[in-house]
Amino acid sequence: MIRKLALVFAVVPALALSAACGGQSGDDDGKVTVVWWHGQADAEGDILKGLADEYNKSHPGIEVKPEVGTTNVDDMLQKVQAALAGGDPPDIAYMYGSWSATLAETPRVADLSSLVKDPSFGWDDFWPAEREAATVDGKVIGVPSVVDNLGLIYNKKLFDAAGVAYPTKDWTWDDFRSAAKRLTDASKGVFGTSYVATGDEDTVWRFWPMLWQQGGSILSPDGKNAAFATPQAVQSLELWRAMAVDDKSVYLDQNGEKFLPLFYSGKVGMEIAGPWAMRDLADHKVDYGVVPLPGYGGNHQTISGPDNWVVFDNGSKRAQAAKDFLAWLTKPEQDARWSLGSGNLPIRQATSKLPAYKEFAKQYLGADAFLANQDNAVQARPSITSYPDISAKIGDAIDRVLLGQATAQEALTGAAAEADKILAKG
Amino acid sequence: MRADTAAGALPLSGRRRKAGPRVRLMPQLTGWGFVGPATLVIVGLSIFPAVWALILSLRDDNLLAPGTFVGLQNYRDLLDDPDLMAATGHTLLYSVLFVPGSLLIGLPIALALNRPLRFRAFYRTCLFVPYVVSAAATGILANFVLDPQFGIVNDLLAGLGVARQGFLQDPSQALLTLVVVSLWGSVGLPIVVYLAALQDIPRELIEAARVDGAGPLRVFRAVTLPQLRPATVFLVIWQTIDALQLFDLVYTTTKGQPLDSTTVIVFYLYQQAFKLFHAGYGAAVAYALFVVTLLVSGLALWYARRGEAAA
């Protein structure tokens, strides 16, 4: 008998353990649970937790559970892949816009079309770049969580020291090059500007505005061929090659984590970066200015990289609760607390009319310029599942040129040939 | 499991047939009951994922959308992938430099530390600390120290009149720099293993050799080295597996850059599976690497056994 008991004691905990790993149930004690992987740590996470608490108080039937998911959103998709394989994804997750095409093919991702079409949601109040990044073939895969764009941030102190006039909104790329050259001072370890040479999308998206400003596009209108290797694009890449290799005015950041800290510490004069830098700029008390990107022929288009809250369908009850929560979260009042509180641009235009925005613009020097620059984000990257593969080829091409190992012409035409092959495979 | 239990019980139950097998079955089951939880954990944490990855490697799948079964297509694609070939080349070059390098550096240091030295424990600790530090920390540290523009190593070189180097940011130096950083980070292991082996060598052997008139070099070649053979075999296999599976250091330093010059096999499969949405293909690469690792280890073991028999 004792032995039998021993057997039971040995086996039962194991079974209990495996059952416990089986997962969270949807509605305990009648409440509908919404698990929310927001990917935000520290102060940002606290803001979201506060919003969830407030929502839970006013909605007794629902419990939104904010969880970090992963502290680095780069890994969020990987985490959700694992959760999906285990059959237990979160109800809402923070996702990069570049993942949208793949997410659109995921059956568990809920289509939010009906949610955003409801007049009370105010979909038209969101910028076109955001709506486009959230929509794939008519399916709305998420609602915007953060919006940004690329502008030119410059360090006034370094410009004054070098006796160079501040950038203006009418700057050409040639103006940009000559200023970078004059700001560069090898003896002090100061660079005119920098480029993220990681070879991934962070390298590639900085290049697209130059293509678009000259009337080019990434793919042919039917989407079957690469169209980015235009003579104008070759010239733009050649400009960067000349700056990096001949002028030596470009700090090439090979892991994408150093270029902003170097700017904060006065080692780089100008950065092509987004509003996400504003908080650190304020913390480091940098005296800086923001203008739109330099342009070609008066065209100063930029690129926007909006991120989304994506809903995974864990049964209609939970999916509906998740949608209701997102409708509430993206209202201007809540957006002011989340976006402005975390140092980001408002995700919708109505938020910028609130008094909270005025406070925000006072606190962050570049806010108004970045907000205005959002209107320059008129084109988006193609929403196709093979975009990451194509982007990897272009990233390699740009890196080779910046390191002086290939000419702009051969690198871009080579990348276009690779892209055609990828597109043909489908 | 069932069959094993029954077979194990047979010889005993044969002796006292009357009691029947049930009596003996109970202790067996109790045994399994105790082993069971651990077995479940091992099966759940390693065998189940391994089988799952094998199935995944036969599919065109990104773990998000429903994939399709493609048979051996992923494995056929392996053979025609220039990027994978390049990554394999990087891994091989790294292994060829790292494995002998760590032994050739580790052995002399172990020999030195095996002598009566002042502060010996202190030196031992110093040399072993980098091994205990995580590869992530080592990588971040290397990034700082070796930064071409702002790193301390280039400042030192400039002080010595040597030109500034690109290190991890120069496509022709990055992989070599990674070898040096890994050697710094992992030479502690060969040192400790060799030290233990050195202390296991019977003093009589060395004394006998000396009495026979052997000088220090001869003693080292004829006594010490052969006695260290098992340790060397272990280290070669261990370090080779480590080298073939290099990932974390690359991830925290170069992310495979510049110009993919440090994209080793495991980093390449990580990119394929998690950055480019080809999880099925990534799993196929992982399985191919597993088979190669198994073959290499097997070969090394076989070679070592053969050598022992011959000696």
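## Two domains in chain A

Let's start with a distance: 29 Å separates the C-alpha centres of domain 1 and domain 2 of chain A. The model you are looking at is a predicted one. Domain 1 of chain A takes in residues 31–148 + 305–376, while domain 2 is made of 151–303 + 386–425.

## Where the domains meet

Across this boundary, 16 residues of domain 1 of chain A are in contact with 19 residues of domain 2 of chain A.

## A three-stranded sheet

Chain A also has an open sheet of three strands, ordered β10-β7-β11, with antiparallel pairing. Strands β10 (270–273) and β11 (288–291) of chain A sit at its edges, each pairing on one side only. On average, neighbouring strands of the sheet are turned by 25 degrees against each other, direction ignored.

Four bridges join strand β7 (residues 151–155) of chain A to β10(A) in the antiparallel sense. For a specific pair to pick out, A:Leu152 has A:Ile272 in β10(A) as its bridge partner.

## Annotated spans in chain B

Turning to chain B, the unreviewed UniProt entry annotates residues 32–55, 92–113, 125–146, 174–198, 219–241 and 284–304 as "transmembrane region".

Here is a look at two of these spans. Residues 174–198 of chain B are 96% helix and 0% strand, with end C-alpha atoms 35 Å apart. Residues 284–304 of chain B are 100% helix and 0% strand, and their end C-alpha atoms lie 30 Å apart.

Conventions: Residues numbered from 1 in each chain as written. Chains lettered and ligands numbered in written order. Predicted model: local features only at pLDDT ≥ 70, side-chain atom pairs only at ≥ 80, totals over all residues. UniProt positions renumbered as here; feature names shortened; annotations may be inferred. Helix = DSSP H or I, 4+ residues; strand = E, 2+ residues; numbered from the N terminus. Domains from an automatic or database assignment. Contact = placed C-beta atoms within 7 Å. Pairing = 2+ DSSP bridges. Axes fitted to C-alpha atoms, helices over the stretch in contact; angles between N-to-C directions.
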